[in-house]
Amino acid sequence: MTDNNNVEFLELTSDSQAAQQSHRLLLLDIEARKRATTVDVPTLPNDVRDALRNWGEPIRLFGEDLAAIRDRLRMVMARWEVWKEQQEQGLVDSQMELPQPMQVGSEGVDSSGGVDEEITETTYTHAKPELVNARKIICDYSLSRSKYRLDMERQRRRGMIRWTRGKKRARLFDKEDEGDANNTGSLYCDEGLKEDSLVVKELDNTCETMYKSIRNHALEGSQYGDVRPLSAVCTSSVVSSMGDDSTTIANSKTPKLIATGGWSGGIKIFNGGADHSKDSDDQNGGQEGEAAPLDLLGAKNIVHEDRIMGIAMKPYLSSTTSIDSLTMVATASIDLTAKLCKVTINEEANTTSDDMDVEHLNTKDNPLRYNIEECAHLKGHQARLCSVAFHPTGKYVATTSFDHTWRLWDVETSSMAEGKELLLQDGHAREVYGVGFHPDGSLVSTTDFGGVVQCWDLRTGKSACHFLGHAKRVICSEFSPNGFQLATAGDDGTIKIWDLRRRKACASIPAHTNLITQLKFAHSSQNGEFLASSSFDGTGKIWSTRDWKLLTMLQGHEGKVMGIDVLDGPRCGVVTCGYDKTLKLWQ
């Protein structure tokens, strides 16, 4: 400052200017991170790519997945909005440069006059030998299952034609047979068709009896399942590996179990109320016959460090199942891991489960009928896990996660030290939640929070088809035992039935008034005649799969119904678990 009170300004050095610029950019990034949560960005990969191209940003950096690309676009847009506001307020230097969106003069033509051609390229990666072997196993399994299923469908279709012969529409195809009773060359006089018609008639009579039983469903038992809310439930099932009556035989030999997972991170096994064989009673000291429905048979209080979001039980194979064979339970948690637990018979169990202390289970003074032991840790997802499902072969398990991917794991080679990951599949632009396997084992369906349902071919690794139609998030998906229908539901309270043959929706059911948490079809032994659903509106519902009409409503939980499943067997029992910490049995 001089004697005339004049202020003398000195120019900053280049290093000081660079430091000042770096400081301004750092403050800009801090404000942009706060603003990023309110910035709307495209969800489809193509739209995200086009937006990055307009901003002059790289379409994809090394190691980026779809979620990271969207986050980078969100930060670019947030940084631009903050800088624009600060520039209008005079808080930043106008010389500070930021990437600006390119001006597009017309569709597909940028300001420089060049044509912006969209290049679509499908890339493939080499599959690991383990994945190739798994695909061969899945292919062999699915071909035999699909052949048997299609043969049964043809038999029922022929029987339906023969059985409806008395109707006017059917008589139009058989006028000659009506005029000549001795005509043995007619389609409807074939003895095989008469046998097929008896099969269809018996199927309809069984369905009618089943629907009458379901309409009379009532609460048979209720049990406190955990000290915190229950979040998932599953039941044991029998999968026939051959097209014979082995499923019925296996159903009589295998115990019907119910597994639950809760917010406490523990697993519990309950009795499903099945009639157990005498051999099992003798093997377990007569205890199996004494077990009442919803009796506690096994428990492990600490499996995960946080809440369990999904649970699944390995299916029994009818060709190898016996009462002393092992079963397995898979769980998915928000602690970023999935775990496999073996369920074995406890030879030291010599007491019933009545009046047991829930806080001291499987101790020397308080033994239970089944032991639950961890056998594999499946680690790899970068965000919380949502759902888990076993492949019909029982050799593989699939998990979904908020990291926008789903993964396939090998059950037999996974261990406590490392889970054997066979496939990491991206393709969803939002968080992936629901997962379900086709009864033939050939397809797997996944759902995401963007309302997209994807069907993947496990034999080739390609996307078979996708479905759009839900207004909000899709939470669950389930294939029908008939093999050509897929049921999905989610946050919009509707159940949509998709026809895989026509690749479009064939039914839309306004099922619930709140989020639908789980869907379950009747087992193949029950011919898939009904569909069960649970919802946050506090109810469970059972729907007919012939006309998609409501058969009965299950009301009894004090709050949200978190999960539902169907017990395999002729009684068509249904189990539900709720936010009120209870497990309920309806039949």
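Biologist: What makes Arg157 count as exposed in this structure?

Modeller: This is a predicted model, and in it Arg157 has a relative accessibility of 54%. Exposed means over 50%, so Arg157 counts as exposed.

Biologist: Why is the contact between Arg157 and Glu153 called a salt bridge?

Modeller: The closest N and O atoms of Arg157 and Glu153 are 3.9 Å apart. The cut-off is within 4 Å, so the pair qualifies as a salt bridge. Both residues sit in helix α4, four residues apart, about one turn of the helix.

Biologist: And why is Glu153 called partly exposed?

Modeller: Its relative accessible area is 29%. Partly exposed covers the range between buried, under 20%, and exposed, over 50%, so Glu153 is partly exposed.

Biologist: What makes Glu130 and Lys420 a pair that ties together separate parts of the chain?

Modeller: Their side chains meet in a salt bridge, at 3.6 Å from N to O. Glu130 belongs to helix α4 (residues 129-163) and Lys420 to strand β17 (residues 420-425), so the pair ties together parts 290 residues apart in sequence. Glu130, at 34% relative accessibility, is partly exposed, and Lys420, at 30%, is partly exposed too.

Biologist: How do you know that Glu374 and Lys339 form a salt bridge?

Modeller: The N to O distance between their side chains is 3.7 Å, and a salt bridge needs within 4 Å, so they form one. This pair links distant parts of the chain, with Glu374 in strand β13 (residues 370-379) and Lys339 in strand β12 (residues 337-345), 35 residues apart.

Biologist: Is Lys339 buried or exposed?

Modeller: Lys339 has 11% relative accessibility; buried means under 20%, so Lys339 counts as buried.

Biologist: How many salt bridges does a search of the whole structure find?

Modeller: The search finds 23 salt bridges. Glu57, Glu64 and Arg72 are linked in a network of them.

Biologist: What makes Cys506 partly exposed?

Modeller: Cys506 has 42% relative accessibility. The limits are 20% and 50%, so Cys506 counts as partly exposed.

Methods. Residues are numbered from 1 along each chain as its sequence is written. This is a predicted model: local features need pLDDT of at least 70, side-chain atom pairs count only at pLDDT 80 or more; totals for chains, interfaces and linings use all residues. Side-chain values use heavy atoms; hydrogens and water are left out. Buried means under 20% relative accessible area, exposed over 50%, partly exposed in between (1.4 Å probe, protein chains only). Helices (H or I, at least four residues) and strands (E, at least two) are DSSP runs, numbered from the N terminus.
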